[in-house]
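Subject: the structure I promised you

Hi,

My notes follow below it.

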Amino acid sequence: MRRQPTARLVSFGLLLVLALAAVLLGSGQAAAQSTAETAKPLSPLHPVFAMLDADGQNVLESGAPVSTMQTCGACHNTDFIASHSFHADLGLSSMTAPGQTASGRAWDTSNGLFGRWDPLTYRYLTPAGDARLDLSTAEWLQVLGARVAGGGPATTSRNGAPLTSLAPDATNPEANLLTTDGTVAPWDWKRSGVAEMDCFLCHLDQPDHAARTAALAAGDFGWANTATLAATGIVTASASGWVWNPQAFAPDGALLPAYVRVQDPTNANCAQCHGLVHTDANTPLTLTGCDLDDPQTATTGQVISGQKISASGVNVAGKDALNRAWDIHAERQLACTDCHYSLNNPIHVQESDETRPSHLVYDPRRLDLGAYLERPDHNLARGQSAQYTVAPELKGTMRRCESCHSAESHNSWLPYVDRHMAVLSCESCHVPHLYAPAIESVDWTVLNAEGASVVSCRGTEDANGGVDTLIEGFTPVLLLRDNIDGGQQLAPYNLISAWYWIYDDANGAPRPAPLADLQAAWFENGVYAPELMAIFDADGNGALDAMELRLDSDAKTAAVAARLAARGLGNPRIEGEIQPYSINHNVARGEWATRDCQTCHHDDAALSQPIHLAGFLPGGVAPTLVNDANVGNSGSIQQGEDGAVYFQPGLAEAGVYIFGRNRIAWVDWVGLALFFGVLAAVSLHAGLRVFIAWRHPRPKPELHPVYMYDAYERFWHWLQTVAIILLIFTGLVIHRPDVLGMFSFRYMVWLHNMLALILLVNAAMSLFYHLTSGAIQQFIPRPYGFFDQAILQAKYYLYHIFQGGPHPLEKTRTQKLNPLQQVTYFGLLNVLLPLQIITGGLMWGVQQWPQVAQMLGGLPLLAPVHTLVAWLFATFIVAHVYLTTTGPTVLTDIKAMLTGWEDVEVHPHLEERPEHA
């Protein structure tokens, strides 16, 4: 009995041990599983690798900065990659002497960021031989490093030699630096190192762009790529510099799998240099002002986000109703690289017509995947943007909207789909409005208190406001885009105007005034120069507000010019330019796109709306479009009564004809004059008839019935009458939707076309009937006695009808028309009707046979001719309807055309009539 408790205790102990063992075993397995999970690389396909320095040694051994060319070059051909990337080249390969680029500026030396001057960032890359230094190569990398991927001009000199081979030289803009005190110092590239093409920047999931930018700004170019790894744990910052973390490496020197964070580029990677990208669906998107840290957003208002605007943290006007995504493609989870892919990517590659065999529609042969991974072309497919001019040979290499979408869905509501697609880019309707602010103007002719330009933003109350600033957004201007294929399409743009000082250097070459000289001219001891304050400070309060800080008088302009000249700048003067910025993102889906025809087909059409450039003209200088933008120079600079400056698109001058918007005034005036002239004449004539008939009643003439019109004649007559009247009405709606806007433009276009088809078929059947029946003879004037009879008929209408005289000519079934009617119908049926059918047919067929219409002047000629003939038809109808009242009774002729029977006057023989006695 005593042993029972002991046995129970032993059993309980055994159970406790087993349970503890199970827990320990389970936790050990869980820990092992957790460790295994954290050890997984981001990309299971990418192997581990060693981090190598420029000499090919492991960085753990050398402690030197990482070399992407050596590290990534262990598997990939990094020399090929760096030489096939316009992100790296940035215009270095197209460097020329100043003034020889397509921009038209006398100081540009390339078509890329390295050499193409940008008034937004302002600083000028100084070419060799210039006496004044603004930006050397080293300072260019320091100032603009946030947008430089490395390689190209960050490693190579303008003549192709490595930068590290250049000896420090205070006279060489590739080996010197402008210091803060205005002196020029030599720059030692061997000491600073160079910035190789940074693979980590685009291929890591957490690149530290800020740390990299800080390293570049500090001149630590060689360590910049290493700084990109700061957020990975592979390297850490210390007081003495960057230190490699041994815990991130395996015993063999390769990275542990957990630290291999290599991936395909994501939208977030692209956003580091391009624009605002928001991918966190749980965090409201916010933005502030026109921040050039997000250049694409600042210059165009484009935001790449799938979040609903109504759910964002942006204070957009009418936000609650904007239940649409900032960008439909981002909402649909598309990545930047889905459109901007590597040009030799075997998945996306599209062969050009020049290289594809002519007998093949599709060439299935592709680059082997292994070969692609070794030598991926980093020239990415690109569109046709106006602002990026580097590598122009690659423009238009990406797929366009029509590569993924079909326009057939528009057939149910949009007339002339092919014509619309030929003239309008998809973005014209699918990016109707931008809901973020964008830069409107940059004025470098004056400097604000911080020594920077005065920037104005469109679409917001305050360009420098915070997240609570009200944003209304803006409607982009539509300009003719010059496509790569030689065609033109209307596309949306933002226009940024800029004004700045230029001067003539010692060689007489124009250059933008260096920022250091501008600041020295405007400030003394950190405040505005007293000489300038005396002229600019109108209210004498010791500060310059926005209305005072502007060159709006000759005295202000002369004062600044004098101070610049005192700095040694020859002939200082102001220039202004307009840079178009293409808008291709922030695409809206169908219900948010432009669908109302009258948005374009109206006097106040969106197509012809001007865009505001600035509140005034700095220095009175009108800006001009830059030469290397992809827009046709169709427009003009206009200034309002309040001094505001606008760009007015000139689509009509460029040959773009828009129904309901474009019209020739004199055509309408002539048409109206004819119409109302005839209406007034018949009204006067009818009034006199009524008055005389009332004063001198006419005896009722002797009548006898004649079966004048058979059934078919009456049918085609009334069908033609109804068709012509409705054609005139629907044509008038299409021509003047501003006056008749209550009618559906789209429906009127469809109805007009259907009526035209009815008229054409009816006219053809009528012609066949009159030819086969011989009735055509009635419409052909007879030479014998024609003029005598015509004079008799005219005298009747002008004189005898008022006396109650009989019709001078007898109307019979075989001779229904008098000479005046014959000549009228002869012109109507042989000139006006064919002309109207031909011009209408060519206008309708302009999308099927544009070359035929173009041979005859295109829509700008065909449409006015068509309109004038329509006015003539309307005038004829007035006269025709009135003349039907000149029979024995007012309704005799109308009844005849309804029943076929007409009461005809009994005529005596011609020799018995009084006028022939």
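Start with helix α6, residues 137–144: seven of its eight residues are buried, so the helix is largely enclosed by the rest of the structure. Buried here means under 20% relative accessible area, exposed means over 50%, and partly exposed is whatever falls in between, using a 1.4 Å probe and protein chains only. Helices are DSSP runs of H or I with at least four residues, strands are runs of E with at least two, and both are numbered from the N terminus. If you want to click through the buried ones in α6, they are T137, A138, E139, W140, L141, Q142 and L144. What sits over them? The cover includes β1 (176–178), α7 (189–192) and α9 (209–217). Contact, by the way, means heavy atoms within 4.5 Å.

Before you go further, a word on where this comes from: it's a predicted model, where local features need pLDDT of at least 70 and side-chain atom pairs count only at pLDDT 80 or more, while totals for chains, interfaces and linings use all residues. Residues are numbered from 1 along each chain as its sequence is written, and side-chain values use heavy atoms, with hydrogens and water left out.

Now zoom out to the whole chain. The protein chain has 28 helices and 20 strands. Its radius of gyration is 40 Å, well over the 29 Å that the globule rule gives for 917 residues, so the chain is more spread out than a compact globule. That radius is taken over C-alpha atoms, and the rule is 2.2 Å times the number of residues to the power 0.38. Along the principal axes, the C-alpha atoms fill a box of roughly 145 × 105 × 65 Å. Of the 917 residues, 45% are buried. Looking at contacts between residues at least 6 apart in sequence, 67% join residues at least 24 apart.

The accessible surface of the chain is about 45,400 Å², and carbon and sulfur atoms account for 61% of it. Those areas come from the Shrake-Rupley method with a 1.4 Å probe, and for residues only the protein chains shown count as cover.

Next, have a look at strand β18, residues 645–649. Four of its five residues are buried, so β18 is largely enclosed by the rest of the structure. Which strands pair with it? One is β15 (residues 611–614), which runs antiparallel to β18 and is joined to it by three bridges. Another is β17 (residues 635–639), also antiparallel, with five bridges to β18. Two strands count as paired if DSSP finds at least two bridges between them.

Is each one buried or exposed? N525, in the loop between β12 (523–524) and β13 (527–528), is exposed, with a relative accessible area of 82%. N586, in the loop between β14 (570–582) and β15, counts as buried at 2% relative accessibility.

A281 is in the loop between β5 (277–278) and α12 (295–300), and it is exposed at 67% relative accessible area. A281 and A311 are 30 residues apart in sequence and 9.5 Å apart in space, C-alpha to C-alpha. D205 sits in the loop between α8 (199–203) and α9, and at 25% relative accessibility it counts as partly exposed. D205 and T232 are 27 residues apart in sequence, with 9.0 Å between their C-alpha atoms.

Last stop: H735, in helix α22 (residues 711–735). H735 is buried, with a relative accessible area of 12%. Which residues does H735 touch, leaving aside its neighbours within four places in sequence? They are G660, R663, D668 and T867.

Happy clicking!
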